[in-house]
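Open the model in your viewer and keep the selection tool at hand. This tour goes stop by stop.

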Amino acid sequence: MVRVKSRYLLCEINVSDRSELLKLDDRAVARAVKAAVARTHGDYGSALCSMRFCVKYLNAHTGIVFLRFPKGCYKLLWSALPFITSIESRGQIISCFFNCLHVGGTIRTCQRFLIRYNTQQLHRMLPKCKNEEEKKQIQESILSCSLMGRNNEAFEDELESEEDGE
Amino acid sequence: MCSQAAENEMESRMKPDGEKTEPPGYQRVVLKNASPHHYLKVRLLLEDESTRVSAVELKRFIISCLRGLHGEVGAALEVDVLKYDEETLSALLRVHSRGLVKLWSSLTLQGSYQNQACAFRVLQRDAAYSRSRSRS
């Protein structure tokens, strides 16, 4: 048996108001991506998109999405992502744009990258702390999400704390 | 063109020996550096043959074909109608080599023009303008 290969795009959804992220759901994101692909690449693109495209993971708190594309045509589908300017979810239009952070062959490599990326973000946030307590909290979360003692709980904690830090 | 001249020369050299050479059924063309454009000679077949299609309408139709199959990326391809004959509905198109496959596929898959069945027949494809003109 040969594995069917895919590419996972780790994207960040940027919105002006972060509370709007909570209104997103994965079907709305998938619909927006499909519509953008259909507009930029026509029937050919939407046919490619209907093959094995899916939204694997959506974190509505941080606005992180994993998109799965077939390996053969991910570049073509990727090129349509910058044309997404809004996502319609539950009757509301959320204006946003996609920022692709990483392209990986497996979900695991994407997750590893995401942990490293979030650690960097926390390091970047550390000097901006207003008081000691906040600083201590962030330092603790950096320690808990370091790659040495990585486990799923740490991953969750770190995502949570990033959100608190903002 | 050079290779063709060389072949003709060889044929003329071999004939005096009494050997009857077979006329070559094909011609081998080697391009040293690939040309940036490709030329397509197409003919539009329409269900109702009395329909008149002007050159502008043809160009618009070709762009709408491209937009249907390849979206805005396809519609942005540079396609030029170099020659067009309204009587026979045949046209000579020029396209960038990178867009050849997109143009050809969208022409082939187009099935209707103004609510009537239509088809594009690609008569000839060439990488050099001089050859596609001389063979017509």
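**Before you start**

This is a predicted model: local features need pLDDT of at least 70, side-chain atom pairs count only at pLDDT 80 or more, and totals for chains, interfaces and linings use all residues. Residues are numbered from 1 along each chain as its sequence is written, while chains are lettered from A and ligands numbered from 1 in the order in which they are written.

**Stop 1: chain A as a whole**

Select chain A. Five helices and five strands are there. Helices (H or I, at least four residues) and strands (E, at least two) are DSSP runs, numbered from the N terminus. Along the sequence the pattern reads β-α-β-β-α-β-β-α-α-α. Buried residues make up 25% of the 166 residues in chain A. A residue is buried if 20 or more other C-beta atoms lie within 10 Å of its own, exposed if 12 or fewer, and partly exposed in between; C-beta atoms are placed from the backbone. Of the contacts in chain A with a separation of 6 or more, 68% join residues 24 or more positions apart. Two residues are in contact if their C-beta atoms, placed from the backbone, lie within 7 Å.

**Stop 2: the sheet of chain A**

Colour the strands of chain A. Five of them form an open sheet in the order E2-E3-E1-E5-E4, with antiparallel pairing. Two strands pair if DSSP finds at least two bridges between them. E2 and E4 of chain A are the edge strands, each pairing on one side only. From one strand to the next, the twist averages 35°. Now pick E2(A) and E3(A): five bridges join them in the antiparallel sense.

Axes are lines fitted to C-alpha atoms, for helices over the stretch in contact, and angles run from 0 to 180 degrees between N-to-C directions.

**Stop 3: helix H1 of chain A**

Select residues 26-52 of chain A.

The buried residues of H1(A) include Val29(A), Ala36(A), His41(A), Tyr44(A) and Cys49(A). Their cover includes E2 (54-59), E3 (64-70), H2 (74-78) and E4 (86-89) of chain A, together with H2 of chain B.

Click Ala30(A), also in helix H1 of chain A. Ala30(A) is partly exposed, with 18 other C-beta atoms within 10 Å. Leaving aside neighbours within four places in sequence, Ala30(A) is in contact with Cys54(A) and Val55(A).

**Stop 4: a loop in chain A**

Go to Arg90(A), in the loop between E4 and E5 (92-104) of chain A. Its phi is near 50°, a positive value in a residue other than glycine. Buried or exposed? Arg90(A) counts as exposed because 9 C-beta neighbours lie inside 10 Å.

**Stop 5: chain B**

Switch to chain B. Its five strands form an open, antiparallel sheet in the order E2-E3-E1-E5-E4. E2 (79-85) and E4 (112-113) of chain B stand at the edges with a single partner strand each, so one side of each has no neighbour in the sheet. Helix H2 (residues 55-75) of chain B packs on the sheet, touching E2, E3 and E4 of chain B.

E1 (residues 37-46) and E3 (residues 90-96) of chain B pair over seven antiparallel bridges. Click His38(B): its bridge partner in E3(B) is Val95(B).

Then find Gln114(B), in the loop between E4 and E5 of chain B. Its phi is near 50°, a positive value in a residue other than glycine. Gln114(B) counts as exposed, with 11 C-beta neighbours inside 10 Å.

**Last stop: where the chains touch**

Show both chains. Eight residues of chain A are in contact with eight residues of chain B. On the chain A side, these divide into two nonpolar, four polar and two charged. Ala, Val, Leu, Ile, Met, Phe, Trp, Tyr, Cys and Pro count as nonpolar, Asp, Glu, Lys and Arg as charged, and the others, Gly among them, as polar.
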